[in-house]
Amino acid sequence: MTTPPPALLIAGHGTRDEAGAEAFRDFVRELGRRHPELPVAGGFIELSPPPLGEAVAELVERGVRRFAAVPLMLVSAGHAKGDIPAALSREKERHPGITYTYGRPLGPHPALLRVLERRLAQAVDPSWDPAEVTVLLVGRGSTDPDANAEVFKAARLLWEGRGYGAVETAFVSLAEPDVPGGLERCARLGARRVVVLPYFLFTGILPDRVRHQTEEWAAAHPETEVRSADVIGPEPELLDLVWERYEEAVRGDLRMNCDSCVYRIALPGFEDKVGLPQQPHFHPDDDGHHHHGHHHGHGHAHSHAH
């Protein structure tokens, strides 16, 4: 009797935007349709149902004992490094006998860069010379310097070889420059045509905020032509990439780059985070815990296996 392949668990961040949450759930369903040979489930860390614990319970009810968890996140910030591993550790205690491997976050991957390039092409006027266009790539923003640096890396990779005049970087929360600051920087560098490109997988509160702040800045600066591009969305490239991350996790071929991880390296101003135990979020709907604090995980859950 052949051993069935491990199930696939998709871990999402969560959003208060119902359309964004439904986009995630649709994405999980589509992965299940694409891969009928294995159980597929998905859940959120916070803010929207179903919680990750419910997704694990669904797999266990279907007889799953082994699964690979893939974080549906573009950068390796606190959620991917700490919250998800700690939450999975908690699920292992709830469901004795299950085993799992944990995959890498998604970006910046060439397949996603191709989608970003498509979003730019859809936003610009076809008559524009790319060399005269400045792109402002806007990430979520994090208190983790390593995560913010990954957005800058994505911006550089997007700029390479595509002919755009420049690709600048901004963040919608927790990090500088913010969206108006990023647009101001573009203008000071001489940009006359700017496309704001949200570095987000699906629609949601934060991408909406990016668009709103862009429109406000553009209205106050009529001398600069500003356009907004769409989020990445549930493109075929994204479905393929999640499957690639699943296969990596199943093979044990994980290559997380931890050289500048705030939990391993004493970065200036973040020295207190080195070796910090990871703590999962408690979802408001998850197993009766109604407080909004953190539950202490068992040890440092951010895995650095190489």
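**Terms and their grounds**

Author: Helix α5 (residues 145-159) lies across β5, β6 and β7, and its direction is at about 160° to that of β6. The model is a predicted one, in which local features need pLDDT of at least 70 and side-chain atom pairs count only at pLDDT 80 or more, while totals for chains, interfaces and linings use all residues. Residues are numbered from 1 along each chain as its sequence is written, and side-chain values use heavy atoms, with hydrogens and water left out.

Reader: What makes a stretch a helix or a strand?

Author: Both are DSSP runs numbered from the N terminus: a helix is H or I over at least four residues, and a strand is E over at least two. The chain has eight helices and eight strands.

Reader: How is the angle of about 160° between α5 and β6 to be understood?

Author: Axes are lines fitted to C-alpha atoms, for helices over the stretch in contact, and angles run from 0 to 180 degrees between N-to-C directions. Contact means heavy atoms within 4.5 Å.

Reader: Which strands form the open sheet, and in what order?

Author: The order is β6-β5-β7-β8, with parallel pairing. The edge strands are β6 (166-171) and β8 (225-228), since each pairs on one side only. Neighbouring strands of this sheet are turned by 25° against each other on average, direction ignored.

Reader: How does the span of α4 compare with the expected value?

Author: The expected span is 1.5 Å times one less than the number of residues. Helix α4 has 14 residues and reaches 20 Å from its first C-alpha to its last, close to the 20 Å expected. Its buried residues include Leu112, Val115, Leu116 and Arg119, and the buried residues of α4 pack against β5, α5, β7, β8 and α8.

Reader: Why is Thr224 called buried?

Author: Buried means under 20% relative accessible area, exposed over 50%, and partly exposed in between (1.4 Å probe, protein chains only). Thr224 has 5% relative accessibility, and therefore counts as buried. This residue is in the loop between α7 (205-220) and β8. Leaving aside neighbours within four places in sequence, Thr224 is in contact with Ala187, Ala191, Arg192, Val194 and Trp217.

Reader: Why is Leu174 called exposed, and why is Leu47 called partly exposed?

Author: Leu174 has 64% relative accessibility and therefore counts as exposed. Leu47, with a relative accessible area of 33%, is partly exposed. Leu174 is in the loop between β6 and α6 (179-188), whereas Leu47 lies in the loop between β2 and α2. Phi is near 65° in Leu174 and near 75° in Leu47. Most residues other than glycine have a negative phi, and most peptide bonds are trans.

Reader: What makes a group of residues a nonpolar core?

Author: It is a set of buried Ala, Val, Leu, Ile, Met, Phe, Trp, Tyr and Cys residues joined through side-chain atoms within 4.5 Å. The largest has 52 residues, and Leu8, Ile10, Leu72 and Leu137 have the most contacts inside it. Helix α8 (residues 236-251) gives the most to this core, with seven residues. Apart from it lies another core, of 19 residues, among them Ala7, Val56, Leu59 and Tyr102. In soluble globular proteins, nonpolar side chains tend to be buried together.

Reader: Why does Ala41 count as buried?

Author: Ala41 has 1% relative accessibility, and therefore counts as buried. This residue is in strand β2. Not counting residues up to four places away in sequence, Ala41 touches Leu8, Leu9, Ile10, Val28, Ala55, Glu58 and Leu59.

Methods: Two strands pair if DSSP finds at least two bridges between them.
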